[in-house]
Amino acid sequence: MVELKAYAKVNPVLNVGPVREDGYHEVSLLMASVDLYDVISMEKSLDEKVQLETEFPYGGSFDIPDEKNLAVRAARLMQQHYGLSGVRIHLQKNIPMAAGMAGGSADAAAVINGMDRLFELGLSVEERRSLGAMLGSDVPFCITGGTALCTGRGEKVTLLKDIPAWLVLVVKPSFGVSTPWAYQHMVTDETENPGADMEAAIKALQDNDLCAFMDQMKNQLAPAVIGQYPLIGEIIGEMERSGAEKAMMTGSGPSVFGLFKDEKDLTEAAEALERFLAERDPGARVIGTKFLPAD
Ligand code: C5P
């Protein structure tokens, strides 16, 4: 039996480049794991089956059949590659779904890591990242988590070290956003929707310079998604009015996160957002967390 934590991420920088021949966009992302995780436990079964048991402490359910679930697809991929027996997977789903926080990708990565341990395969990080890339662009990053620059279609991972444990407040509205929709409708005009200076962002992070970092916090998918779902923009405004140093949308949305210098400010902002959302979107979740270093 192995038990693993599958961490969620936020994107303080999300730069999108041109569409490639394979239909994906060239991207340059800053990924940062936060201390919010699903718990995955796995054991070998005597037959070939991959079984998934789920638990939803915050409510909800998967709206896809098990075969399409990234955790199950990761287990099947490992089975096919290494001729393994079946597994029973128990998934406690704490990360909000369709949130722009890589919850499904984190589960897939945890299953790859878990099967590597369970079957004593001794795979390197690079081998596990390559397997992850077959399942989704964010999965390679989730193999280790931490803070990283991700390029290509997101699958090329360069880990960044010694990241400050800045406090993070997350709001997940009750609705979801389709990632393909967000990419397809992106505002492509560079003047209207410029990207961030990634080098400056990384330098600011490594210098623990929150002010300089905030200048570069930008998500090129955000303008179109916020145009479609104005509540996201209202949550960003409310979070900044309530004390966040800076707030923005993560990934393809709809989640919003903000950075805070101290715990008291974060708690007060969380309470203000709970009040704001009670009328606007009672199904939304407000979660206090922080950046996490790599394993
Ligand atoms: O790789 P993943 O399955 O997570 O991507 C979901 C969708 O997001 C893709 O099918 C594509 O529409 C879009 N995408 C993209 N460029 C990327 C990553 C994702 O266009 N770099």
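Me: What is the phi of Glu 120, the residue after α2?

Reply: This is a predicted model, in which local features need pLDDT of at least 70 and side-chain atom pairs count only at pLDDT 80 or more, while totals for chains, interfaces and linings use all residues. Residues are numbered from 1 along each chain as its sequence is written, and side-chain values use heavy atoms, with hydrogens and water left out. Helices (H or I, at least four residues) and strands (E, at least two) are DSSP runs, numbered from the N terminus. Glu 120 follows α2, and its phi is positive, near 50°.

Me: How far apart are the end C-alpha atoms of helix α2?

Reply: Helix α2 covers residues 103-118, which makes 16 residues. The expected span of a helix is 1.5 Å times one less than its number of residues. For α2 this gives 22 Å, and the model agrees, because the end C-alpha atoms are apart by 22 Å.

Me: How many of the 16 residues of α2 are buried?

Reply: A residue is buried under 20% relative accessible area, exposed over 50% and partly exposed in between (1.4 Å probe, protein chains only). Helix α2 is largely enclosed by the rest of the structure, because its buried residues number 14 of 16.

Me: Is Ala 98 buried or partly exposed?

Reply: Ala 98 is found in the loop between β4 (87-92) and α2. Although Ala 98 is not a glycine, its phi is positive, about 50°. Its relative accessibility is 48%, so Ala 98 counts as partly exposed.

Me: What is the relative accessible area of Ala 102?

Reply: Ala 102 also lies in the loop between β4 and α2. Its phi is near 60°, a positive value in a residue other than glycine. Ala 102 counts as buried because its relative accessible area is 9%.

Me: With which side chain does the side chain of Asn 11 make a polar contact at 2.5 Å?

Reply: Asn 11 has its place in strand β1 (residues 2-19), and it is buried because its relative accessibility is 1%. A polar contact is a pair of N or O atoms within 3.5 Å; within protein, one must be able to donate a hydrogen and the other to accept it, and residues adjacent in sequence count only if both atoms are side-chain atoms. The side chain of Asn 11 reaches the backbone oxygen of Leu 30 at 3.2 Å. Its polar contact at 2.5 Å is with the side chain of Lys 9.

Me: What is the C-alpha to C-alpha distance between Phe 141 and Arg 129?

Reply: Phe 141 lies in helix α4 (residues 139-144), and it is buried because its relative accessibility is 1%. Not counting residues up to four places away in sequence, Phe 141 touches residues including Lys 9, Met 31, Cys 150 and Arg 129. Phe 141 and Arg 129 are twelve residues apart in sequence, and their C-alpha atoms are apart by 7.2 Å.

Me: How much of the accessible area of the ligand does the protein cover?

Reply: An oxygen atom of the ligand is 2.8 Å from an N or O atom in the side chain of His 25, and an oxygen atom of the ligand is 2.6 Å from an N or O atom in the side chain of Ser 137. A backbone N or O atom of Arg 153 lies 2.9 Å from a nitrogen atom of the ligand. Accessible areas come from the Shrake-Rupley method with a 1.4 Å probe; for residues, only the protein chains shown count as cover. Of the 450 Å² that the ligand has on its own, the protein covers 73%.

Me: Which element gives the most residues to the shell around the ligand?

Reply: The residues around the ligand (a heavy atom within 4 Å) include Tyr 24, Val 27, Thr 179, Pro 180 and Tyr 183. The elements that give two or more residues to this shell are β2 (25-44) and α5 (179-184). With three residues, the element that gives the most is α5.

Methods
Contact means heavy atoms within 4.5 Å.
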